[in-house]
Amino acid sequence: MTISRRSFLKGAMAGSAASLIGPGLLASSALAAEGAEVGLGVWKTSGSHWGALNALVKGGKVAEIKPFGADRHPTEMLNGIKGLIYNPSRIRYPMARLEWLKHRQDADRTTRGDNRFVRLTWDAALDLFHEELERTQTDYGPWALYAGATGWRQTGQVHSCGNHMQRAVAMHGHFVKKVGDYSTGAGQVILPYVLGSTEVYSQGTSWPLILENSKTVVLWGNDPYKNLQVGWNCETHESYAYLEQLKAKVADGSIRVISVDPVRTKTQNYLGCEQLYLNPMTDVAFMLAMAYTLYNEELYSQEFIDAYALGFDDFIAYVQGEGDDGEAKTPEWAAPICGVDAEQIRDFARLLAADRTQLLFGWAIQRQQHGEQPYWMGAVLATMLGQIGLPGGGISYGHHYSSIGVPSSGASAPGAFPRNVDAGKTPEHDNTDFQGAASTIPVARWIDCLLNPGETIQYNGSEVVFPDIRMCVFSGCNPWHHHQDHNRMKQAFRKLETVVTIDYAWNATCRFSDLVLPACTQFERNDLDVYGSYSNRGVLAMHKLVDPLFHSRSDFDIFTDLCRRFGRDEEYRQELDEMGWVKKLYDECREANTALSAAPGGDEPTSSMPDFATFWKDGYVDFGPGENWVRHADFRQAPEVNALGTPSGFIEISSRKIGRYEYDDCQAHPRWMEKAERSHGGPGSDRYPLWLQSVHPDKRLHSQMCESEALRATYAVQGREPIFIGPEDAEARGIQDGDLVRVYNDRGQLLAGAVVSDDFPSGVVRIQEGAWYGPVGPEIGALDTYGDPNTLTLDVGTSKLAQAPSANTCVVEIERFEGEAPAVTAFGGPITVDV
Ligand SMILES: Nc1nc2c(c(=O)[nH]1)N[C@H]1C(S)=C(S)[C@@H](COP(=O)(O)OP(=O)(O)OC[C@H]3O[C@@H](n4cnc5c(=O)[nH]c(N)nc54)[C@H](O)[C@@H]3O)O[C@H]1N2
Ligand SMILES: Nc1nc2c(c(=O)[nH]1)N[C@H]1C(S)=C(S)[C@@H](COP(=O)(O)OP(=O)(O)OC[C@H]3O[C@@H](n4cnc5c(=O)[nH]c(N)nc54)[C@H](O)[C@@H]3O)O[C@H]1N2
Ligand SMILES: [Mo]
């Protein structure tokens, strides 16, 4: 790693002004003043999805990272940050794909993915980007351009990179956008029909009230101890203090925690709680049998249903066997499907009805085919139990995410750099003719769209006609990790004339692009963000730690320069520079909070935030803790006044509206439906008997940090992504811990390193999502050398309702890999060639 001369000189010169605070003091006081550098370097404040932090910068290089003082439960992933900045996969220069540079739209697209690229100057690269936008708008119009970025761009409200890309591209012309996301695609569409809001992104009942009131807590397909390590804003991990208290209550028997999960999770091992195993993807069968038990043993609350819900009769008729299928959903019916004894199903239903029960659902069970159903069914069970709106009762769909459940401060959070064209302005190409096709597509169906332009699909009660996309722009997302079935993606990408990617890491999306622009990381620019995520505990200064590495630039800078090419750079940045924006967002936030804290009746504020200079010097402003809160308490108190956002205002156990859509795969009430493929005796299990779950990684944020070498070394096996497998399945295949294995199905094949673990039952294996895709070559079907599970996953919509991703519906087979293994191709950047 070389340090640029510019940053070295800057460091050397800054050394003359003396200011030094010892690291010990910093860590305890959480303060980090902007200071000059001498001897031991200077500590600065910054923040990330992995946590707010303090960084020691020495000689123009980040030397050490420590958690922010307010973070009492920092994640080990902080150790990966230095390796995220300094690693061989950083994008150094603007690059163009060799074939594409020579022949542009006439280039051979079957070589896309061969990773051969030519280095460009910034001017040449941005000219090309602009030319391609021009050509696409002129030759085809807005329906040919897809710029619906979706992904985990780094923290920082000024540099929110998806906003930068979309604003700049929108100032040039209109384009196809997306609706929904990969996280909660099914949940956020079904739950508004049932509970009146997406629920998944809503604040949940406060942890202290759960700890105080719940007798039973059910973690349903939910691993918060693993997944709370990262947050959408700069985390401070306050939830972990509550998990610690929960652990104590499990130990002294005052709360029973049960994890309904095929796998023994990290949370379960931490809490020392119970596991209820069930076969993967069979939750709905299990839950229907619970409903059967609650109903027939009269353990449900008819009173609550009468007062707060609609559509129970149709649903219960189906459960009782009076529906169209004529089959009663008895525990004996469910047992062979879900692999749980009928008596155990009954006992579980009785337990939940016996006392105050909080249901805490994770998101993975809706990231599978028919993912709408378990979420709907969860709401139905909670309604039957009658505890919705009580402290420590009812259902939550978010306590594993971004500090949901930590009381919110109630302060006003800072805004962001705008995503859209300013009001009253129009784009350069103001053509809004999408040729009868949709201008917005369900996010997980974009590969279908590339493969089948003109086709009509159903989505959430309406029809979507796929546009004819020729050009894509990606920023702040890595679709070549996040989307399912990479070999199908290869086929689809052969249709694309131009693919532009802006990133700091040379991941597989760069490999499959035509033009790649190097952004800098968040640690190479100034910004600000919320800390605490959903707790909204305060505002954090994100001080630039070091200068942009190599030829990288901030997204702000890159897109200002792109807009200069059509004469609208000043409009783009609203005549402010980076620090101008940081200050503007801070000052607006300060104003809003001053107004908020004005004493009732008078206009004197009771408190106010310090001025910008003080904030920037101190590194943060603390809003103070929030107050406890109970989800849906207002609805329970006065259902007519505080009606839900459903069509009726009540909880909808059956939905007439959904029924009217007449979808076969999402009907008027929740139902059990067999999956396209399923382990444990389900379809396809004769050839591929193992369920592959691709859950969220313990030591990464998706694909972010996979390139961080020291961190990767703590989990990789023979340099490959681990695949977790139970002892029984390993032994049956002659696989030992540490062996290299080939994992395959009809869609693809990959190499991974076996980790044999008792946490995994027979028929269940895990590769964590976000492993970098590293195919041996551009051919369809090529072996993936590192182990991205999306080489193998199924690319179908959850149903016609949500059309969400079904990544967790996937079966595979595994064999020991014999012979000489090909080298890992995922890391280290492009193969640089001359024209
Ligand atoms: N099989 C399977 N697949 C899944 C999932 C699963 O459970 N199983 N989960 C899905 C879910 S829930 C999600 S949210 C998605 C996540 O999918 P993504 O959000 O696409 O994944 P990330 O790896 O976070 O990708 C973010 C990319 O943005 C880049 N980036 C970060 N900051 C900046 C910036 O400031 N500027 C620029 N230009 N680039 C930046 C990073 O380097 C990285 O390449 O994956 C989905 N895919
Ligand atoms: N460390 C870390 N934390 C993260 C992220 C990350 O990348 N890294 N990503 C963040 C993001 S973007 C998101 S969307 C969330 C994701 O949050 P989730 O989607 O909830 O998380 P997962 O880890 O994929 O899965 C949670 C649990 O579901 C179980 N499960 C899977 N299928 C089934 C099933 O059919 N039935 C049952 N009962 N259980 C099942 C798995 O075994 C696992 O224990 O996490 C967030 N937190
Ligand atoms: Mo997500």
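This is a predicted model: local features need pLDDT of at least 70, side-chain atom pairs count only at pLDDT 80 or more; totals for chains, interfaces and linings use all residues.
You can find another case at Lys247, which lies over the face of Tyr270, 4.7 Å from the ring centre.

Next, a helix. H16 runs over residues 342-354, so to speak a stretch of 13 residues. From first C-alpha to last, H16 reaches 19 Å, close to the 18 Å expected at 1.5 Å a residue. Which residues of H16 are buried? Here they are: Ala342, Ile345, Arg346, Phe348, Ala349, Leu351 and Leu352. When you look at that list, remember that an α-helix has 3.6 residues a turn, so residues three or four places apart point the same way.

Now let's talk charges. How many salt bridges does the structure hold? The count is 55. Take Arg488 and Asp448: their closest N and O atoms are 2.8 Å apart. This pair links distant parts of the chain, with Arg488 in helix H20 (residues 486-493) and Asp448 in helix H18 (residues 446-451), 40 residues apart. Is Asp448 buried or exposed? Asp448 counts as buried, because its relative accessibility is 13% and the cut-off for buried is under 20%. Arg488, on the other hand, is partly exposed at 24%.

Here's another bridge: Glu571 with Arg568, at 3.0 Å from N to O. Glu571 is buried, with a relative accessible area of 18%, and Arg568 is buried too, at 10%. Then there's Arg733 with Asp729, where N to O is 3.9 Å. In that one, Arg733 is partly exposed at 21%, while Asp729 is buried at 7%.

Salt bridges can also join up. Arg104, Glu131, Glu132, Arg135, Asp468, Arg470, Lys495 and Glu497 are linked in a network of them.

Last topic: the rings. The model has 48 aromatic pairs. One of them is Phe417 with Phe556, whose ring centres are 5.8 Å apart; their planes sit at 65°, so the pair is edge-to-face. These two come from distant parts of the chain, 139 residues apart: Phe417 is in the loop between strand E13 (394-396) and strand E14 (440-442), and Phe556 is in helix H22 (residues 555-564). Both sit inside: Phe417 is buried at 1% relative accessible area, and Phe556 is buried at 6%.

How are the planes of Trp480 and Tyr773 arranged? They're at 20°, so this pair is stacked, with centres 6.1 Å apart. Trp480 lies in helix H19 (residues 479-482) and Tyr773 in the loop between strand E28 (764-766) and strand E29 (811-816), so the pair ties together parts 293 residues apart in sequence. Trp480 and Tyr773 are both buried.

Ring pairs link Trp480 and Tyr773 into a cluster with Tyr146, Trp446, Phe474, Phe493 and Phe512.

Key: Residues are numbered from 1 along each chain as its sequence is written. Chains are lettered from A and ligands numbered from 1 in the order in which they are written. Side-chain values use heavy atoms; hydrogens and water are left out. Helices (H or I, at least four residues) and strands (E, at least two) are DSSP runs, numbered from the N terminus. The expected span of a helix is 1.5 Å times one less than its number of residues. Buried means under 20% relative accessible area, exposed over 50%, partly exposed in between (1.4 Å probe, protein chains only). A salt bridge is a side-chain nitrogen of Lys or Arg within 4 Å of a carboxyl oxygen of Asp or Glu. Rings of Phe, Tyr and Trp (its six-membered ring) pair if their centres lie within 6.5 Å; planes under 30 degrees apart count as stacked, over 60 as edge-to-face and the rest as tilted. A charge sits over a ring if NZ of Lys or CZ of Arg is within 6 Å of the ring centre and within 35 degrees of the ring normal.
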